[in-house]
Amino acid sequence: MTKQIQAIRGMNDCLPQQSGLWQWAEQVIREVVAGYGYQEIRTPVLESTELFKRSIGEVTDIVEKEMYTFEDRNGDSLTLRPEGTASCVRAGNEHGLLYNQQQRLWYMGPMFRHERPQKGRYRQFHQFGVEVFGLDGPDIDAEVILMSARLWQRFGMADKVTLEINSLGSSEARARYRDALIEFLTAHQDKLDEDSKRRMTSNPLRVLDSKDSNVQALLADAPDLLDYLDAESKQHFDTLCERLAQLGIQYRVNSRLVRGLDYYNRTVFEWVTDALGAQGTVCAGGRYDGLVEQLGGKATPAVGFAMGMERLVLLLETMGQAEKVPSAVQVYLCLMSDDVTAYGFKLAESLRDQMPGLRLQSHCGGGNLKKQMKRADKSGASVALIIGDEEAAQNKITLKFLRQEQEQRSVPVAELVATLRQVLED
Ligand code: ATP
Ligand code: MG
């Protein structure tokens, strides 16, 4: 037998039984961002490798070991995007959307990182994110956090996630903190894992982001980032905290929160959950006021976040929210003979004309009533419409309820739309 070709490890198919939940989640997201006047931006999945090296930072997990990088046929180094922010900034600069303007943008799509696949961690995964340019906050920081909070509410999981926030301050403040941290880490070198030892000098703040439990335990005694904040960043952070409190958004200040990418400054935040085991971060973001300039544009303040769609969908599944997803088919049309096929198809087209959004499936492949009703049931429809020779001759339809204890009815074709509207409503 010919050997079957398998998908690439860590790259998942989204099968029909899952895609409904994905579409529902995506729809909720689209509604929420629209409610704040954000506009979608779509960028290519491939970019110059340089873009990610310069933005995410050379000494980060992503750039050091997770990127899918290759040479194309021209010998150019390309990388499958590992995240969305760099591409948004690149596009914004390239098309003159950023300087002296305000942009509130969102995106959704696949990202690629060569990580060890496990629950909630894949090599192709999907992110929804927002990026705001031209506003230096803290009001806009509060807005994007508020928007993420609204999403949890809409998903019915407000009590499953908690918000952690921190401020990284200015680059000068971070430089001062960096010195203090290096001193601390040097004194405890023996307790550091290899990665952390290496980063201790090249990019010490990355050590705070270490996943090693010994390192994490050690860090409890490390100097506190918040003690090193510059006055302006402190004011910014205090105001943000005040706004969140006024808006009724609960948060926890976590002074170890630094995020895994180099471009952040001032506000950083994560929404975390303990419902997914080790992969607890479902949404993460912050301010990146220096990035636009770093990528060749004119200095423009910016803030954003990214949400991991797989982790979101996993959460929705564990909470039983999948049941909320409407079934793909509402109405199943049974056609009892060849002679009524064209009649039935035409009727179905006319129903689709008159009831936009109706999810109607017509039976194909013939068979007796028992077989067709089995199909109808399997389709998830709540109602079956049956057309045989007799019905066609009398311009009537037999309507059968599939999920309710109710007598079947004979409905004149002229009344079918009104009847369906009423029946599908309850
Ligand atoms: P983690 O600490 O879990 O590795 P990260 O700091 O690398 O996350 P970001 O780069 O900030 O994550 O990405 C934002 C969100 O995207 C994460 O909070 C997570 O929900 C999701 N995400 C990141 N990497 C993956 C992955 N490999 N598979 C699935 N989702 C991911
Ligand atoms: Mg990561």
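A polar contact is a pair of N or O atoms within 3.5 Å. That cut-off opens this report, since the ligand contacts below rest on it. The structure is a predicted model.

**Ligand 1 and its surroundings**

One of its polar side-chain atoms lies 3.1 Å from an oxygen atom of ligand 1.

| Residue | Atom of the residue | Atom of ligand 1 | Distance |
|---|---|---|---|
| Glu115 | polar side-chain atom | nitrogen | 2.7 Å |
| Arg311 | polar side-chain atom | oxygen | 3.1 Å |
| Gly308 | polar backbone atom | oxygen | 3.4 Å |

Taken alone, ligand 1 exposes 590 Å². The protein buries 93% of that area. S10 supplies the largest share, with 4 residues.

How many residues surround ligand 1? There are 17. The closest are Arg113, Glu115, Arg121, Arg259 and Thr281. By type, the shell divides into 7 nonpolar, 4 polar and 6 charged residues.

**Helix H4**

Helix H4 spans residues 85-94 and is mostly covered. Of its 10 residues, 8 are buried. These are Thr85, Ala86, Ser87, Cys88, Val89, Arg90, Ala91 and Gly92.

What covers the buried residues of H4? The cover includes strand S2 (46-48), helix H2 (49-56), strand S5 (103-112), S6 and helix H11 (291-294). Just after H4, Gly96 takes a positive phi of about 60°.

A disulfide is a covalent bond between the sulfur atoms of two cysteines. This structure holds 0 disulfides. Why does Cys88 form none? Its sulfur is 15 Å from the closest cysteine sulfur, in Cys283, and that is too far for a bond. A disulfide needs the two sulfur atoms within 2.5 Å. Seen from the other end, the sulfur of Cys283 has its closest cysteine sulfur in Cys88, again at 15 Å.

Both residues are covered by protein. Cys88 is buried, with a relative accessible area of 2%. Cys283 is buried too, at 1%.

**Gln330, a loop residue**

Gln330 is found in the loop between helix H12 (309-318) and strand S12 (331-335). Is Gln330 buried or exposed? Gln330 is buried, because its relative accessible area is 17% and the limit for buried is under 20%.

The side chain of Gln330 reaches the backbone nitrogen of Arg359 at 2.8 Å. Arg359 is also one of the residues in contact with Gln330 once neighbours within four places in sequence are left aside.

**The protein as a whole**

The protein has 426 residues, and buried residues make up 51% of them. Its secondary structure comes to 16 helices and 16 strands. The C-alpha atoms fill a box of roughly 90 × 60 × 45 Å, taken along the principal axes.

Among contacts with a separation of 6 or more, residues 24 or more positions apart account for 70%. The protein exposes about 21,400 Å². Carbon and sulfur atoms supply 47% of that surface.

Notes. Residues are numbered from 1 along each chain as its sequence is written. Chains are lettered from A and ligands numbered from 1 in the order in which they are written. This is a predicted model: local features need pLDDT of at least 70, side-chain atom pairs count only at pLDDT 80 or more; totals for chains, interfaces and linings use all residues. Side-chain values use heavy atoms; hydrogens and water are left out. A residue is near a molecule or strand if one of its heavy atoms lies within 4 Å of it. A polar contact is a pair of N or O atoms within 3.5 Å; within protein, one must be able to donate a hydrogen and the other to accept it, and residues adjacent in sequence count only if both atoms are side-chain atoms. Accessible areas come from the Shrake-Rupley method with a 1.4 Å probe; for residues, only the protein chains shown count as cover. Helices (H or I, at least four residues) and strands (E, at least two) are DSSP runs, numbered from the N terminus. Ala, Val, Leu, Ile, Met, Phe, Trp, Tyr, Cys and Pro count as nonpolar, Asp, Glu, Lys and Arg as charged, and the others, Gly among them, as polar. Buried means under 20% relative accessible area, exposed over 50%, partly exposed in between (1.4 Å probe, protein chains only). Contact means heavy atoms within 4.5 Å.
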